[in-house]
Amino acid sequence: MSWPYRFEDWDFALQLGHGFVLQSAFVVIGTACWWPYGETHASAGMIIVSKAAQGRGYGARLMDALLAAARPRIVTLNSTAEGMALYRRRGFVPIGVIHQHQGIPRERHEAQLPCFVRAMAPSDFEAIVSLDQEATGWTRREMLNRLMGVGDGYVLMRDGIPRGYAISRLFGRGHVIGPVVARSRTDARTLIEAALARLGRVFVRIDISTAAQLGDWLEGIGLPKVGDATTMVLGTQMPSSGPARMFALANQSFG
């Protein structure tokens with residue numbers, strides 16, 4: 001499907017979640033994965049049917065198996081234009097749009113971190129979980145623990161208290177920066193700049209919601225928009241409690 005996932009990216013995803021494959025003559029022709037966030041929420045993704053097998057109802061079979069396992073949780077996913085009809089028929093409704101930005105930054109960012117941003121430490125874990133839940137309404141302890149273990153994390157401090165965080169890690173064609181959680185667009189940008197400074201001029205991907213309003217800035221630093229996806233939900237989406245908000249995703253499957 002020309003998706004950029006490495007073997008390690010699939011392995012990471014499957015260690016955290018659950019998946020189904022569809023086989024024909026002992027050959028895998030489709031996949032669908034989901035990730036539980038406690039007993040109330042889940043995300044779904046990596047829903048793929050090989051091109052030669054499309055149009056035969058295989059995607060519907062995979063999706064029905066996934067929903068049978070994940071429900072009654074509220075399920076969120078990010079859909080391509082091709083997949084929207086399938087998800088609508090199962091009760092999913094659109095709630096937003098995700099823009100995928102990627103490329104090699106035009107200039108290397110300053111390596112000096114602002115005085116209120118520091119490297120993430122293991123002792124920050126509970127604060128990170130709390131900020132993430134504040135921004136999403138989800139409980140993602142295991143996922144955040146794994147992300148902190150494989151990536152470089154940054155914490156933005158205000159009044160001696162963590163008020164935002166960002167994690168960058170190897171992914172796909174280079175690195176992905178996300179999740180990024182902050183109280184303001186300015187703080188989110190500061191966290192992203194801290195991650196870019198550490199990475200240097202390498203290939204970077206950042207998936208943002210339109211509500212983040214970071215697209216023009218990302219375009220300006222050399223990370224153009226290359227695609228988008230529609231965020232959809234099955235069930236009543238719980239509003240985030242704020243004031244922390246999600247500015248960039250871990251990836252489009254995890255949310």
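This is a predicted model: local features need pLDDT of at least 70, side-chain atom pairs count only at pLDDT 80 or more; totals for chains, interfaces and linings use all residues.
**Entry 1: strand β4**

I began with β4, residues 74–79, and looked up the burial of each residue. Six of the six are buried, so I take the strand to be largely enclosed by the rest of the structure.

With strand β11, residues 225–234, β4 pairs in the antiparallel sense over five bridges, and I noted Thr230 of β11 as the bridge partner of Ser79.

**Entry 2**

Strand β1, residues 18–24, pairs with β2 in the antiparallel sense over seven bridges, with Gln23 partnered by Val28 of β2. The hairpin of β1 and β2 has two residues between the strands, and I recorded a positive phi near 55° for Ala25.

On going from β2 to β3 I again counted seven bridges in an antiparallel arrangement, and I found Gly30 standing opposite Val49 in β3. These two strands form a hairpin with three residues between them, in whose turn Gly38 has a positive phi of about 70°.

Is His41 buried or exposed? I read 6% relative accessibility for His41, which is under the 20% limit, so the residue counts as buried. His41 lies in strand β3, and its side chain makes a polar contact of 2.7 Å with the side chain of Thr40. Beyond four places in sequence, I listed the residues touched by His41, among them Trp35, Arg73, Ile74, Trp138 and Met238.

Arg73 sits in the loop between α2 and β4, and at 11% relative accessibility this arginine also counts as buried. I found a polar atom of the Arg73 side chain 3.0 Å from the backbone oxygen of Gly38. Leaving aside neighbours within four places in sequence, I noted contacts of Arg73 with residues including Trp34, Glu39, His41 and Leu234.

Which members of the largest nonpolar core touch the most other members? In this core of 32 residues they are Trp35, Tyr165 and Phe254. The elements giving two or more residues to the core include α1, β2, α5 and β8, while the largest share, five residues, comes from α4. I also looked up Phe254 and found that, beyond four places in sequence, its contacts include Phe12, Leu16, Trp35, Ser43, Trp138 and Met143. A second, separate core has 25 residues, Val117, Val180, Ala182 and Ile206 among them.

Finally I examined α1, in which Asp9, Phe12, Ala13 and Leu16 are buried. Seen down the helix axis, the buried residues of α1 fall within an arc of 95°, so I conclude that they line one face of the helix. Those residues pack against β2, β3, α5 and β8.

Key:
Residues are numbered from 1 along each chain as its sequence is written. Side-chain values use heavy atoms; hydrogens and water are left out. Buried means under 20% relative accessible area, exposed over 50%, partly exposed in between (1.4 Å probe, protein chains only). Helices (H or I, at least four residues) and strands (E, at least two) are DSSP runs, numbered from the N terminus. Two strands pair if DSSP finds at least two bridges between them. A polar contact is a pair of N or O atoms within 3.5 Å; within protein, one must be able to donate a hydrogen and the other to accept it, and residues adjacent in sequence count only if both atoms are side-chain atoms. Contact means heavy atoms within 4.5 Å. A nonpolar core is a set of buried Ala, Val, Leu, Ile, Met, Phe, Trp, Tyr and Cys residues joined through side-chain atoms within 4.5 Å. The arc is that of the directions from the helix axis to the C-beta atoms.
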